[in-house]
Structures are given as C-alpha cells and as structure tokens.
Amino acid sequence: MNAVELVKKAGVVGAGGAGFPTHVKLAAKADTVLANGAECEPLLFSDQSVMLGRAAEIVDGLKTVMKAVGAERGIICVKEKNKEAVKALEKHLTKNISLFGLGNFYPAGDEQIMVYEATGRIVPEAGIPLNVGVVVQNVATLANIARAQNGEAVTSRIVTIGGEVKNPGVHAVPVGTPVADAIARCGGPLIENCKLLLNGPMMGRLGDPQKDVVTKTTSGIFLLPAQHPLVMRLSRPLPVDIRISRGACEQCRYCTDFCPRYLQGHALQPHKIMRVINEQREPEAETVTNSFLCCECGVCDLFACPIMLSPRRIFREFKKSLGARGVRFPQQKKEYAADIHRDYRRVPKDKLLRRLDVARYEMEPVFHDAPWEVDAVNIPMQMHLGAPATPVVKTGEKVKRGQLIAEIPAGKMGANVHASIGGTVTAVNGLIRIER
Ligand code: SF4
Ligand code: SF4
C-alpha cells in the first residue's frame, strides 16, 4: 500500500478546519508544502502542544506529503513568539525543509494569508493554495499522516480545554467523547451558569455539552460565563442582527479596511453588503457573489466594527442560498496585488484578546499526550467534508481500538472512521456508540 492509500485507510482528515479528506489533497501536484502551525485562533494551544510533543512526527508527515505531491520544499510556518515550538522543530529540519516565523497577528493561520506570508504568492479569488502551486497541511494532520504510515488510525484529537473550568489543559481525547465528560475530567465548571464555546472565540460556535462530542476537527472546548459579551453576541438571532444592521451601520468602512481577504487584493468589501441591507434593496450581482470570497474569519464583526455588526453572518446566509441554487463565483480577475496598507492593518493578537474580553483565559499549555480512558463514545459518521461514512459493524459486536467501524461509501469522497476505544457496539443510528 502506498503512502496516500495508508492515509486514506487511517481516516486522516484536515485537523485544522472543515475536515477535508487528506488523501484527496495528496493526489495533487505542487512545488511547495506549508505546515500550518500558526494556531492564530485565540485561546487554542492544541497545535502548539503537538509541535512541542510530536515535532519529529510533524516533519515525517511533511516529508510524506512532499513526496506525494512532488514538492521540492517544505516550510513549517510557526509564530516567532512560540520559541519552544521553534526549538523543538529546528532539531528535525533538513536541507529542503525550513521554518518560517509568522508575526503574532490574526488570522495568520488562514491558508491564503499564510501562503502570501511564506511565499509571496496570492491565491486567486475563490481559489485554493493549489492554484499557486502550494499545499497547506495543519501540523496535527501531519502528525496523523506520519502515524498512518505505521498503520495507526485517527482515534483521538488533541483538544485545549479551558475558560471557566477548574483544571484547564491540553489533552488527547478519544474521538466521540461527550463534551460533558471532557469538562468533567478537567474538574468541571468553576462557576455556575456557563455556556459552551467550541473551537475558539473567532471561528467557533456555541455548543451543548450534553449533545456535542469531540470529533476529528475539535480543537477547543471552553466554558464562558452565560453573560459574557461573546456569548451574548454569538447567541443573537440572525433576524435581530439584520434589524440592528439596518438602523445602525454608519458605513464607516472599518470592516472592509481590516478584512484580510480585501487586504490580500480580493474584491470583497463587507461594508457594501451592509449598505444593501441598510437600504433594503435588491443587491447587485457582484456584491452577492463576492460572498464566496469571505473566509468567515470574524475580523469584521468581532474586531473591526465599532458597533459589532456582522457582515460575516450576512455573507454566510448569501453563500448558503447561492450554493443551494448552484451559483458559483464567476472567477475573472487574473492579476492580484496586496493592498499597500496590508502590513500595518494586520490585527494584533493581544489587542484581539482584549477586544474579545478573553485575555484572562490564556494559559501556558500543559500537554497530556496519553489518550484518556473513557467509558463510552458516540462516534459521528461525518467528521469530514464529503459523504457520511457507512457503518461496517452491528450492534452487539465487540471492537478493538483502531478497528475500522465505518467506511467511505463507494464512489464518494469521504473518510474512514475507526473505534476510538475498545468495547461493545451498543448503537448504530447515525452515530456508532461503543461502551467499554
Ligand atoms: S464597520 Fe460596522 S458600521 Fe462600519 S461599515 Fe462595517 S458594518 Fe457598518
Ligand atoms: S469574516 Fe469579515 S473580515 Fe473575515 S473575510 Fe469575511 S468579510 Fe472579511
């Protein structure tokens, strides 16, 4: 079995984002591979922990990807301020694998921003790094790729557990572990009346500890006070957002001036979509299709806008309705140039933490690399982009940790799913429950 088949067999998906099946990405050809160790999302220390604890595996995984896509060079992108991670990685560099030091800004980990920072190339509008000869892989994904070469399937996820929990830390959590169990293992809530925030304040979402489970793409579990401004902001229903936007948007343009994609030379101008909402008129086609250029980083609503309006949410709704109608971005522009103001309009991370009112939850990572022994897991069939996996086990069957329990449907894009603990399958109904 070749390296890419091993990755497919092990169920590796992009750990840093939406869970794109990694074996599909490795079928491409590129001259450069970037290892994404930026971890720019506030409060997360998961990738930093992986870089400290699994540096050799990251470099091994990077070599595997470079070979698969035919790349001459690999660049590990890590923030200069993360000196320990830099030190850990430096020991494993080779003549065609180097380090690139990123500044401490948000969103340094956005694929397109990283490609520009490390290579000077601009990914075209609605394009992907491959369009400019680059493949980007998150560092945790690279460690999983290295393990896949030894036949090890993805059964756990490195997760930062913090906020208002008694014992914050970074843990290897079996996939399918209920979030409520993960919080309990960290000592439970510090205060009463908390809300769950998954994956970070900028690109994450509010969740339900009784329903949500850890998946292959869960990077963070945080408890915040129910009255925290971020919780209030994320709980605001869309119709309320739209109503407020109509009366309040002053067309100051800060959302556009700070938008990382606009500063990258793309045509996205969030203040224009707000103008459409303001004036309650039919939007012109260009303003609507430009929704596809939004990466939903949250800079416009959670940092730039003085009154916390959300062009991001409006773009998200437009994208959904355009996608449902089969509309695609009409890519026309050929030449790109970054805005001359780009470098000094980058959002400093420290300022962002204060703006979000979460600076007090930043912590020094304490990494516990051994996977937890949990009593039961509920493993979803879709933790990746593409088709849900098809179960290959039945209720009552005994399974071992790492055993295949659901596979990619024939002819579809997807990812295999494996038992994250050993035990008995007690339910197969959209998810697979295993009890020890
Ligand atoms: S920053 Fe806020 S107020 Fe200013 S144009 Fe954008 S949405 Fe409107
Ligand atoms: S979320 Fe806002 S700032 Fe980020 S890319 Fe979209 S429009 Fe630009």
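The model contains an open sheet of six strands with mixed pairing, in the order β9-β8-β10-β6-β7-β12; two strands pair if DSSP finds at least two bridges between them. Helices (H or I, at least four residues) and strands (E, at least two) are DSSP runs, numbered from the N terminus. The model is predicted: local features need pLDDT of at least 70 and side-chain atom pairs count only at pLDDT 80 or more, whereas totals for chains, interfaces and linings use all residues. Residues are numbered from 1 along each chain as its sequence is written, chains are lettered from A and ligands numbered from 1 in the order in which they are written, and side-chain values use heavy atoms, with hydrogens and water left out.

The edges of the six-stranded sheet are formed by β9 (205-207) and β12 (367-368), and each has a single partner strand, so one side of each is left without a neighbour in the sheet. Strand β8 (residues 194-198) pairs with β9 in the antiparallel sense over three bridges, and Leu196 stands opposite Gly207 in β9. Helix α3 (residues 46-53) lies across β6 (156-163), β7 (169-174) and β12, and runs at about 125° to β6. Axes are lines fitted to C-alpha atoms, for helices over the stretch in contact, and angles run from 0 to 180 degrees between N-to-C directions.

A second open sheet comprises three strands in the order β14-β16-β17, with antiparallel pairing. Its edge strands, β14 (390-391) and β17 (417-418), each pair on one side only. Two bridges join β16 (residues 404-407) to β17, and the bridge partner of Leu404 in β17 is His418.

Strand β13 (residues 376-380) is joined by five bridges to β19 (residues 431-435), and the two run antiparallel. In this pair, Ile379 stands opposite Ile432 in β19. Five of the five residues of β13 are buried, so this strand is largely enclosed by the rest of the structure. The term buried denotes under 20% relative accessible area, exposed over 50%, and partly exposed in between (1.4 Å probe, protein chains only). In a regular strand the side chains alternate between the two faces of the sheet. Both faces of β13 are covered, with Ala376, Asn378 and Pro380 on one side and Val377 and Ile379 on the other.

Two helix pairs were examined. The axes of α4 (residues 55-69) and α7 (residues 139-149) come within 7 Å and cross at roughly 80°. These two helices are therefore roughly perpendicular to each other; angles under 35 degrees count as roughly parallel, over 145 as roughly antiparallel, 65 to 115 as roughly perpendicular and the rest as oblique. The contact (heavy atoms within 4.5 Å) involves Glu57, Ile58, Asp60, Gly61, Leu62, Thr64 and Val65 of α4 together with Val139, Leu142, Ala143, Ile145, Ala146, Arg147 and Gln149 of α7. By class, eight of these residues are nonpolar, three polar and three charged. Here Ala, Val, Leu, Ile, Met, Phe, Trp, Tyr, Cys and Pro count as nonpolar, Asp, Glu, Lys and Arg as charged, and the others, Gly among them, as polar.

Helices α13 and α16 pack at an angle of about 80°, with their axes 9 Å apart, which makes α13 roughly perpendicular to α16. Pro270, Ile273, Met274 and Ile277 in α13 meet Pro311, Ile314, Phe315 and Phe318 in α16. This contact has eight nonpolar, no polar and no charged residues.

Ligand 1 is surrounded by Cys249, Glu250, Gln251, Cys252, Arg253, Tyr254, Cys255, His271, Met274, Cys305, Pro306 and Leu309, where a residue is near a molecule or strand if one of its heavy atoms lies within 4 Å of it. Two or more residues of this shell are given by each of α11 (254-258) and α13 (270-279). The shell has eight nonpolar, two polar and two charged residues. Ligand 2 is surrounded by 13 residues, of which the closest are Cys259, Cys294, Cys297, Gly298 and Cys300. The elements that give two or more residues here are α15 (299-304) and α16 (311-324), and the shell divides into 10 nonpolar, one polar and two charged residues.

Two loop residues were also considered. Gln264, in the loop between α12 (260-263) and α13, is buried, with a relative accessible area of 0%. Not counting residues up to four places away in sequence, Gln264 touches Gln112, Ile113, Tyr116, Ile122, Ala337, Ala338 and Arg342. Ala108 is found in the loop between β4 (105-106) and α6 (111-119) and counts as buried at 0% relative accessibility.
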